[in-house]
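The tour moves from the whole chain to single residues.

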Amino acid sequence: MDNLIAAGKAKPFIIVVANGGGPRFTPGGPATGAPNRAPDPGAAPTAPPAAPGPGSIVGPGGRIFNFSAFEHLLIDDLIPFIDANFRTLADPPHRAMAGLSMGGMQTRGITTANLDKSSHIGIFSGGSIAPTDIKDMDAFKKKVKLVFVSYGSRESGATGKANVELLKQAGINSFWYESPQTAHEWQSWRRSLYQFAPLLFQK
């Protein structure tokens with residue numbers, strides 16, 4: 001960010017890094033634990049996983065992620081705290097959300113469900129947004145200023161690239177970036193941030 005700002009390529013802005021890796025369960029419901037955890041070999045067979053419920057996202061390998069707890073923390077606690085304690089422009093046109101890997105999945109789910117909270121969306125190696133994911137296209141086009149999707153060239157990013165093209169055809173300001181010769185790794189995401197940041201909060 002310092003280099004981008006010094007070169008005049010990006011506007012200065014506040015970056016808040018939240019821990020979205022906590023429990024993945026619906027508030028008020030049972031804690032199901034992290035879906036990435038391998039089952040205990042000595043445990044009794046369990047019932048098949050339930051179908052995705054409200055707020056759930058189907059991730060790699062068909063695993064079901066529910067980020068309702070993190071969504072609640074972000075919307076009800078974190079954003080109000082930042083606006084109350086830092087010199088922010090506290091409105092959606094001046095707020096963005098981005099994430100890498102699982103954070104990209106969280107970004108996709110939370111931003112599409114809360115169009116009144118942020119206007120710039122960055123998804124780094126964490127899925128993408130298809131037109132069919134958008135419930136109200138008119139509202140999305142009115143409120144979302146940018147959709148940015150990126151992957152490393154050694155990842156499976158073809159669907160993401162295709163979805164960006166579909167969003168462009170629908171009239172949504174969308175960008176695709178592919179990090180050369182990288183996989184699901186930090187270098188992909190560093191480069192993604194470097195490409196994403198200059199696009200934020202521009203007229």
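The stops below each name a selection and then say what is there.

This is a predicted model, in which local features need pLDDT of at least 70 and side-chain atom pairs count only at pLDDT 80 or more, while totals for chains, interfaces and linings use all residues. Residues are numbered from 1 along each chain as its sequence is written, and side-chain values use heavy atoms, with hydrogens and water left out.

**The whole chain**

Along the sequence they follow the pattern α-β-β-α-β-α-β-α-β-α-β-α. Of the 203 residues in the chain, 35% are buried; buried means under 20% relative accessible area, exposed over 50%, and partly exposed in between, with a 1.4 Å probe and protein chains only.

**The largest pocket**

Select Ile14, Ile15, Val16, Ala96 and Ala98, which lie nearest the centre of the largest pocket among its 45 lining residues. On a 1 Å grid over the protein atoms alone, a pocket is an open set of points with protein on both sides within 12 Å along at least five of seven lines, and lining residues have an atom within 4 Å of a point. Its volume is about 1,500 Å³, taken as the space filled by probe spheres set on the grid points, which are joined across faces, edges and corners.

Helix 2 gives the most, with seven residues. Colouring the lining by residue class gives 28 nonpolar, 10 polar and seven charged residues, with Ala, Val, Leu, Ile, Met, Phe, Trp, Tyr, Cys and Pro counted as nonpolar, Asp, Glu, Lys and Arg as charged, and the others, Gly among them, as polar.

**A nonpolar surface patch**

Next select Ile14, Val16, Phe81 and Phe86, which make a nonpolar surface patch of about 370 Å². Such patches are made of residues with over 30% relative accessible area and no salt bridge, nonpolar side chains (Val, Leu, Ile, Met, Phe, Trp, Tyr) being joined within 5 Å. Phe86 is found in the loop between helix 2 (68-85) and strand 3 (96-100), and is partly exposed at a relative accessible area of 44%.

**Two salt bridges**

How many salt bridges does the structure hold? There are two, a salt bridge being a side-chain nitrogen of Lys or Arg within 4 Å of a carboxyl oxygen of Asp or Glu.

Select arginine 95 and aspartate 83, whose closest N and O atoms are 3.0 Å apart. This pair links distant parts of the chain, with arginine 95 in the loop between helix 2 and strand 3 and aspartate 83 in helix 2, 12 residues apart. Arginine 95 counts as buried at 15% relative accessibility, whereas aspartate 83 counts as partly exposed at 26%.

Then select lysine 168 and glutamate 165, whose side chains meet at 3.7 Å, N to O. Because they are three residues apart in helix 5 (residues 158-169), the two are separated by about one helical turn.

Finish with glycine 152 in strand 5 (residues 146-152), which counts as buried at 1% relative accessibility; its C-alpha atom is separated by 6.8 Å from that of glutamine 181, 29 residues apart along the chain. Glycine 109 lies in helix 3 and counts as partly exposed at 22% relative accessibility.

Notes:
Patches are made of residues with over 30% relative accessible area and no salt bridge: like charges are joined within 9 Å, nonpolar side chains (Val, Leu, Ile, Met, Phe, Trp, Tyr) within 5 Å. Accessible areas come from the Shrake-Rupley method with a 1.4 Å probe; for residues, only the protein chains shown count as cover. Helices (H or I, at least four residues) and strands (E, at least two) are DSSP runs, numbered from the N terminus. On a 1 Å grid over the protein atoms alone, a cavity is a set of points where a 1.4 Å probe fits but cannot get out, and a pocket is an open set with protein on both sides within 12 Å along at least five of seven lines; lining residues have an atom within 4 Å of a point.
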